[in-house]
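Reader: I am new to this structure and would like to learn how to read it. Please take me through some of its features.

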Amino acid sequence: MRVVFTANGRRVEADDVWEGESLLYVLRERLGLPGSKNACEQGECGSCTVYLDGEPVCACLVAAGQAEGREVRTVEGLAGEDGLDPVQQAFLDAGAVQCGFCTPGLLVQTHALLERDPRPADADIREALSGNLCRCTGYEKIMDAVRLAAARRAGEGAQG
Amino acid sequence: MEFLRPETWDEALALKAEHPDAVPVAGGTDVMVELNFDRRRPPALLDLNRVAEAARWESDGAVVRLGAAVPYARIVSELGRELPGLALAARTVGSPQIRNRGTVGGNLGSASPAGDAHPPLLAAGRGVRVEAASVRGTRMVPVDDFYLGPKRSALEPDELVRAVHVPVAGGPQQFSKVGTRNAMVISVCSFALALHPADRTVGTGIGSAAPTPRRAAEAEAFLAGELAERGLWERGGELDEAVVRRFGELAAAAASPIDDVRGSADYRRHALAVMARRTLGWCWAGYTGLPERSAA
């Protein structure tokens, strides 16, 4: 079947999509958007987290056909014209990236957290990221990165 | 494989009648796992995401009609007052990403004994009914009659779970679940408790400790009897420790757990007694306004 939706603000089409295929497969293998990672394929690891109509979801658990006509935003769509999103920059600056496999999912999920709650407490951060597994960092640098991103966003808001 | 994409319930029911083997999919948190792992190759998927009514809930003040495809995240944010037990259970489902997609309709359709929504639905009172719809009409199935076996429900092949009707809470409700961590766990076992002061009954639900979700009927009758006999529904007051202990024993005795990878039968029985005592402590504190006594 053909599936048409919006990915990172662009209309995209995928042909010959198998009806049981996941949105993740379509993004990575058919649309050249390999940022969302394929790991557990069962919603456990969060490395395929994308926005679907503004809600962060595991792309591996969305049937491709369910994305028809909807808005998808992947990690590739976080950076703007002026460069990296503050969340991405904070992950770099805090050293929250080691092997990098979990990073795209963490970036999208953190982005969603800060959109909803610009100044999360540590417990809120841990809860928000509880569906994103990282086997390298031990999470402490990730926590630092989220705090840093929140602080910078708040600073920007104050200046703006 | 076909991908069926109804826009309305009428279309969805017509398609289900035409394709009784079609697997309904809303959040995909169960169905897509089975597809991704080649465990299931249904001839068709029936996508319910486009049926707007499925993602709505409404309340007349006495009963909430919860659309089958309202995701858990919205139950947490919108229904904490009306359906506190279900909202507490919804908070423990998966992760934020899973709660944005997973639905009570999916829990009911899958009918896994480990589904987190089942115990609070069982505890919420005799009035809980599953709205099972087909082109032949709508059946209101009492939730007690819905679960038939592991992953088997009373749904007919041409039926879809359209909604579940749950009485608005008239008293405290609690939920407790055991797992290896707070997030992303399939429950080792779980327990839900609801006090219903209006008709002076007690509701319970046990998860992951029997072939189906089930109530602890003796524990319910025992506690309701004790509360009535001692005048505690009217005057509140401390719960006798022996009552709390006995309630826990009866809750554990109602289970018929197995040993599996998540836990042993003995552990599950033990944990159920603990969870029953704890949820009773929390509920009673909520009912009386008295500080909670340790019920460990």
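Author: What follows goes through the chains, their helices, a sheet and the contact between the chains. Keep in mind that this is a predicted model.

Reader: Let us begin with chain A. How many helices and strands are there in chain A?

Author: Chain A has 5 helices and 5 strands. Read from the N terminus, its elements follow the order β-β-α-β-β-β-α-α-α-α. The radius of gyration of chain A is 16 Å, close to the 15 Å that the globule rule gives for 160 residues, so chain A is as compact as a globular protein of that length. Along the principal axes, its C-alpha atoms fill a box of roughly 45 × 35 × 25 Å.

Reader: And what does the secondary structure of chain B come to?

Author: Chain B comes to 11 helices and 13 strands. Its radius of gyration is 19 Å, close to the 19 Å given by the globule rule for 296 residues, so chain B too is as compact as a globular protein of that length. The box filled by the C-alpha atoms of chain B is roughly 60 × 45 × 30 Å, again taken along the principal axes.

Reader: How do I read a pair of helices? Take H2 and H3 of chain A: at what angle do their axes cross?

Author: The general idea is that two packed helices are described by the angle between their axes and the distance between the axes. In chain A, the axes of helix H2 (residues 86-94) and helix H3 (residues 103-116) come within 9 Å and cross at roughly 125°. H2(A) and H3(A) are therefore oblique to each other. The crossing of H2(A) past H3(A) is right-handed.

Reader: Which residues in H2(A) and H3(A) meet?

Author: From H2(A) there are A:Val87, A:Gln88 and A:Phe91, and they meet A:Thr103, A:Leu107, A:Thr110, A:His111 and A:Leu114 in H3(A). This contact has 4 nonpolar residues, 4 polar residues and no charged ones.

Reader: Now chain B. How do H10(B) and H11(B) cross?

Author: Helix H10 (residues 241-253) and helix H11 (residues 265-288) of chain B have axes that come within 8 Å and cross at roughly 135°. H10(B) is therefore oblique to H11(B). The crossing of H10(B) and H11(B) is right-handed. Among the residues that make the contact are B:Val244 and B:Phe247 of H10(B), with B:Leu272 and B:Leu280 of H11(B). The contact of H10(B) with H11(B) divides into 9 nonpolar, 1 polar and 3 charged residues.

Reader: How do I read a sheet? In what order do the 5 strands of the open sheet in chain B lie?

Author: In general, strands of a sheet pair through backbone hydrogen bonds, either parallel or antiparallel. In chain B, the order is E4-E5-E10-E6-E7, and the pairing is antiparallel. The edge strands, E4 (57-59) and E7 (137-142) of chain B, each pair on one side only. Neighbouring strands of this sheet are turned by 20° against each other on average, with direction ignored.

Reader: Which residue in E10(B) stands opposite B:Arg65?

Author: The residue opposite B:Arg65 is B:His165. Strands E5 (residues 63-67) and E10 (residues 160-167) of chain B pair over 5 bridges, in the antiparallel sense. Helix H1 (residues 9-18) of chain B lies across strands E6 (129-134) and E10 of chain B, and runs at about 70° to E6(B).

Reader: Finally, how many residues does the contact take from chain A and from chain B?

Author: The contact takes 23 residues from chain A and 25 residues from chain B. On the side of chain A, the largest share is 4 residues, from strand E4 (residues 55-58) of chain A. The residues of that side divide into 9 nonpolar, 10 polar and 4 charged.

Notes. Residues numbered from 1 in each chain as written. Chains lettered and ligands numbered in written order. Predicted model: local features only at pLDDT ≥ 70, side-chain atom pairs only at ≥ 80, totals over all residues. Axes fitted to C-alpha atoms, helices over the stretch in contact; angles between N-to-C directions. Helix = DSSP H or I, 4+ residues; strand = E, 2+ residues; numbered from the N terminus. Parallel < 35°, antiparallel > 145°, perpendicular 65-115°, else oblique. Left-handed = near helix turned anticlockwise from the far one by under 90°. Contact = placed C-beta atoms within 7 Å. Nonpolar A, V, L, I, M, F, W, Y, C, P; charged D, E, K, R; others polar. Pairing = 2+ DSSP bridges. Rg over C-alpha atoms; globule rule 2.2 N^0.38 Å.
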